[in-house]
Amino acid sequence: MALPSARCWSLCLWGAKRWGVPALVARRGISFKLEEKTAHSSLALFRGDTGVKYGLVGLEPTRVALNVERFREWAVVLADATVTGGRHYWEVTVKRSQQFRIGVADVDMSRDSCVGADDRSWVFSYAQRKWHSMLANEKAPIEGIGHPEKVGLLLDYEAKKLCLVDVSQISVVHTLQTDFRGPVTPAFALWDGELLTHSGLEVPKGL
């Protein structure tokens, strides 16, 4: 006899917990929070470490003391999860920010560098009302997206691609072709306003 759907779902959740496997892990991509110990002192985390806001140095420092994991020169913070394979998708809500960078970085990139300024990170930059892709401080312009309320990022590790996604159209705006050499992690730089991250999402159909 078939189990009622509610009971079946409960058993699925029980089985996942019993074997230490998160529910729906096979269907969802990377799930992360922002890693406070990496955050520059001008950045403060909020909403359960899923958001980051910019403040003047000394006015809104993070709660963690200076350490070797923290970015020292630039307002950068990394996520607390790494990617070594697969396709992953997450979104970023932009709140009152006119200058930021979003993408991925090697987990052990220099804490004296900024994401996009070296060959250990791959980002999309928004500044002066314009988008650019960035790698090793080389910029390429991106057209057709404007100032967003929310954008998506699609990381295909095996295909060595990082894509900027227009969430209103569910379409790829720009693809950054690169060469990942090891584990990477979502990365963010911010010089005003706030960013809020949304992870653990399924890759939208058609991407």
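Modeller: What follows covers one threonine and then the aromatic pairs. This is a predicted model, in which local features need pLDDT of at least 70, side-chain atom pairs count only at pLDDT 80 or more, and totals for chains, interfaces and linings use all residues. Residues are numbered from 1 along each chain as its sequence is written, and side-chain values use heavy atoms, with hydrogens and water left out.

Biologist: Is threonine 93 buried or exposed?

Modeller: Threonine 93 is found in strand β4, residues 87-95 (strands are DSSP runs of E, at least two residues, numbered from the N terminus). Buried means under 20% relative accessible area, exposed over 50%, partly exposed in between (1.4 Å probe, protein chains only). At 14% relative accessibility, threonine 93 counts as buried.

Biologist: With which side chain does the side chain of threonine 93 make a polar contact?

Modeller: A polar contact is a pair of N or O atoms within 3.5 Å; within protein, one must be able to donate a hydrogen and the other to accept it, and residues adjacent in sequence count only if both atoms are side-chain atoms. At 2.6 Å, the partner of threonine 93 is histidine 198.

Biologist: How are the rings of phenylalanine 100 and tyrosine 126 arranged?

Modeller: Rings of Phe, Tyr and Trp (its six-membered ring) pair if their centres lie within 6.5 Å; planes under 30 degrees apart count as stacked, over 60 as edge-to-face and the rest as tilted. Here the centres are 5.6 Å apart and the planes at 25 degrees, so the pair of phenylalanine 100 and tyrosine 126 is stacked.

Biologist: How are the rings of phenylalanine 100 and tryptophan 131 arranged?

Modeller: Both residues, phenylalanine 100 and tryptophan 131, are buried. Their ring centres are 5.6 Å apart and their planes at 80 degrees, so the pair is edge-to-face.

Terms used: Helices (H or I, at least four residues) and strands (E, at least two) are DSSP runs, numbered from the N terminus.
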